[in-house]
Amino acid sequence: MTANADEVARYLKRRARWSPFEIAFWIFAFATIWLFPGKYLILKDTAILALFALSLDLILGYAGIISLGQAAFFGFAGYFAGLVAKYGIINEPVIALVCSGLIAAALGFVTSFLVLRGSDLTRLMVTLGVSLMLGELANRYSNITGGADGLQGVEIEPVLGRFRFDLFGHNGYVYCLIVLFICFVIARRIIYSPFGLSLRSIKGNTLRAAAIGVPVKWRLVAIYTVSAGLAGIAGALLTQTTAFCSLDVFSLERSADLLLVLIIGGTGYLYGGLIGAVIYKFLQDWLSNLTPQYWQFWIGLVLVVIVLIGRERMAGWVRIVRSLLVRLGTWLMPRLPALGGAAPDGR
Amino acid sequence: MSETMPKTTPILQTIGLEKRFGGILAAQNVNLAVEPGARHALIGPNGAGKTTVINLLTGVLRPTAGRIELEGRDITSLLPHQRVRLGIARTFQINQLFLDLTPLESIGLVVSERLGSGADWWRLVGTKSAVTDEIVEIVERFRLADVMHERTAILPYGKQRLLEIALAFACRPRVLLLDEPAAGVPEAERHELLATIEALPKDVTVLLIEHDMDLVFSFAERISVLVNGALFVDGAPDEVARDPRVKAVYLGEELSA
Amino acid sequence: MLTILYDGIAYGMLLFVLACGLSVTLGLMNFINLAHGAFAMAGGYCTVFLVNRLGLPFALGLPIAFLVTALIGGLFERTLYVHVYARSHLDQVLFTIGLVFMSVAAVDYTMGSSQQFVQIPEALQGQFEVDGIGMGKYRLLIIVICGLLTVALQLILAKTRFGSRLRAAVDDQRVARGLGINVGAVFGITFAFGSGLAGLGGALGAEILGLDPTFPLKYMIYFLIVVTVGGTSSITGPFFASILLGIGDVAGKYYVPKLGAFVIYAIMIIVLIWRPQGLFARGAAR
């Protein structure tokens with residue numbers, strides 16, 4: 001068997017093709033707008049959580065960095081979005097959202113240099129430390145942040161000057177879902193790019209990645225920055241859709257829950273965060289109805305059981321289901337080359 | 001030893017290289033000179049410091065004293081990936097592969113890093129024909145075409161060993177350091193591996209670190225012997241083979257083993 | 001000023017007793033146990049139950065708290081933790097965080113969410129004065145007990161057969177196994193003992209640290225600071241780290257009360273950047 005360039009190019013691009021499963025996933029996601037009109041609030045929270053988990057997946061699933069401090073970026077941008085709206089600095093939500101993401105990314109860039117040294121435990125401590133420090137700061141400057149009472153009096157203008165956040169949460173949910181989709185497409189693009197490939201190589205074997213000329217440190221700095229930006233957008237979304245922001249955005253529980261979300265869904269295939277968020281929210285809703293005060297017990301139990309069963313085994317199960325779906329999809333939609341994108345470009 | 005010394009300037013040279021781990025001298029006053037295009041072997045008994053020297057050359061370790069020059073340029077303080085850019089690539093004694101990637105992806109990664117598009121985040125993998133063309137060439141050269149879509153983790157060991165060299169080769173090094181390339185390869189797959197090493201283009205300088213004396217004497221044009229972290233003998237294969245001190249070292253090792 | 005030092009030392013010694021078990025488990029099995037605080041909490045609630053409800057004397061409550069938590073620790077180690085040692089750090093983090101969540105909710109369910117206080121004997125309440133400086137009697141007790149424990153631990157590690165086995169296992173597990181040391185048993189015993197110490201610390205500290213169901217979450221970071229800053233290669237490292245942390249925290253809360261624990265976190269990050277192996281680590285052991 002010999003190789004030729006066209007075939008090689010096709011195989012390399014094959015992974016990046018939108019599978020029928022993915023298309024179905026997103027069609028269903030947008031269909032929920034009409035399917036569950038009474039559930040906008042929980043759906044909106046799920047979309048935000050999904051985006052937040054997606055941001056963690058980028059560094060955990062693709063770069064192998066364990067973080068207990070993703071809440072730092074979520075909270076930082078959340079307060080930023082609240083403050084710019086409250087004081088009328090940036091009135092238009094979309095612009096404010098982008099700015100929040102950028103400022104969280106800037107914070108991510110700065111702190112990445114602290115995080116990318118040392119062992120897993122050191123990273124854990126530093127990420128956690130950064131978010132706790134921000135929490136203390138927000139508490140200290142309560143004249144600006146509202147301290148323990150939370151940031152109040154935030155007025156959010158209509159999105160694009162037209163769509164006002166209504167009481168039923170319809171516009172809020174649609175807004176979150178669209179933002180989630182856009183961020184997802186960007187993350188997906190990154191993952192299937194040469195840059196994304198180099199991240200997978202770093203996670204797989206850092207020593208060899210360096211030995212073939214991958215600038216390991218800068219790639220990690222870059223993805224950490226992007227991840228912080230996405231987490232920031234998630235935080236800003238929460239503030240904008242609730243017109244409120246409180247100190248618990250920085251809490252350890254938020255970061256720990258996020259890990260759980262991602263673990264439930266599985267890491268390293270982008271949909272883990274989204275699926276995990278749906279399952280988590282569903283579980284939370286169900287468990288807190290069952291035992292209102294103690295649902296955290298069950299969440300803990302889920303974590304313990306997942307680890308004892310073995311994440312690999314669960315991932316194996318997910319892989320089987322996924323390959324079945326893919327096979328089903330290719331059987332249903334025979335040969336749609338157009339889906340794979342254009343022919344390899346000339347240069 | 002001195003009459004075989006060539007006149008050309010070495011492509012890779014170490015001057016008084018020393019590495020100390022606590023109280024142990026793993027390398028001392030190593031003056032190694034590798035000529036352009038050479039098939040040079042570095043041999044020595046277990047624990048002689050061969051791997052330490054490789055790690056020093058590639059920048060994994062920092063020397064405690066001495067210098068390393070690539071074509072007369074001092075590279076002692078450069079980071080591993082910077083040295084790769086300048087043209088030093090290595091393989092590992094124990095496979096260091098990307099187990100979750102396919103050979104195609106692994107080689108594609110190396111090629112796109114080298115062509116400066118490794119940080120492209122807006123473009124999908126496989127959309128640059130300069131990269132794909134080169135992947136094809138390397139896949140063919142290293143006889144990986146029939147397994148190029150498999151996950152690396154499930155390849156036969158001989159193929160993994162070939163991929164190990166292919167990744168280093170894809171860096172287009174001027175100096176290729178092969179660290180015991182044939183170690184552990186079963187007899188049936190060995191021939192394919194050796195033939196591939198033989199067929200490496202002549203403009204690539206090869207420094208072979210090896211235990212297997214058959215391979216060393218069939219391949220190398222020049223041999224350096226390292227003992228206790230110091231260069232012991234340096235010369236053409238027949239000289240080294242005749243040298244009584246080398247025999248003593250190797251016989252001594254066999255006796256104690 | 002001296003009062004701060006005094007309180008800080010008492011606080012620091014308490015932290016040491018709470019965290020030293022964690023330092024050994026981390027050093028020995030390279031295991032990240034975020035649930036260590038849950039054992040401390042168990043000791044605290046155990047004492048509350050014994051002293052307040054059953055009316056046992058405080059002096060008897062402490063050793064029982066130690067034994068009960070050591071038992072619980074040993075039980076958990078044998079049944080659950082053993083399955084997770086060989087796993088990745090991520091799995092360890094998830095597993096132990098899960099345990100923390102469960103313990104928080106379980107205690108909330110059984111004991112209620114309000115803060116608990118141990119009834120301390122009259123003799124230990126109040127202050128006495130030395131050179132015009134007020135010193136709490138209870139804190140003196142803490143310093144004495146924790147000081148004795150530290151000396152005892154140091155002696156056990158340095159002089160006993162078990163201590164030398166433990167040190168051998170920490171230094172190099174494979175070699176220790178080769179020497180015929182049952183590393184699993186050594187670890188089980190150490191884990192149980194460390195949990196017991198945490199339980200004792202939790203019982204002693206209920207008065208100073210406060211005891212409510214969120215205890216394991218609230219103090220997790222403090223224990224981890226002790227361990228990461230102190231390093232895991234000896235117990236003197238964590239000891240000095242604890243004392244520094246204790247004094248720093250008390251002083252920080254006294255002089256810049258509004259910043260809260262900000263100072264501590266900042267110092268921790270600086271130390272970890274400066275010396276990722278810990279402030280008192282002997283070179284790069286690993």
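Reader: How do you know that chain A is in contact with chain B?

Author: In this predicted model, 37 residues of chain A are in contact with 44 residues of chain B. Contact means heavy atoms within 4.5 Å, so these residues count. Local features need pLDDT of at least 70, side-chain atom pairs count only at pLDDT 80 or more, and totals for chains, interfaces and linings use all residues. Residues are numbered from 1 along each chain as its sequence is written, chains are lettered from A in the order in which they are written, and side-chain values use heavy atoms, with hydrogens and water left out.

Reader: What is the area buried between chain A and chain B?

Author: About 3800 Å², of which carbon and sulfur atoms give 66%. Buried area is the accessible area (1.4 Å probe) that two parts lose on being put together, summed over both. In chain A, Leu12(A), Arg208(A) and Ile212(A) lose the most area to chain B, together 19% of what that side buries.

Reader: What makes up the side of chain A that touches chain B, by class?

Author: That side has 20 nonpolar, eight polar and nine charged residues. Nonpolar covers Ala, Val, Leu, Ile, Met, Phe, Trp, Tyr, Cys and Pro; charged covers Asp, Glu, Lys and Arg; the others, Gly among them, are polar.

Reader: How many residues of chain A are in contact with chain C, and how many salt bridges are there?

Author: 39 residues of chain A are in contact with 42 residues of chain C, and the count of salt bridges between these chains is zero. Chain A and chain C bury about 3800 Å² between them, 80% of it on carbon and sulfur atoms. Met125(A), Met133(A) and Val307(A) supply 16% of the area that chain A buries against chain C, more than any other three residues.

Reader: How do you know whether chain B and chain C are joined or apart?

Author: No contact joins chain B and chain C, and their closest C-alpha atoms lie 10 Å apart. Of the two pairs of chains in contact, chains A and B share the most contacts.

Notes:
Salt bridge = Lys/Arg side-chain N within 4 Å of Asp/Glu carboxyl O.
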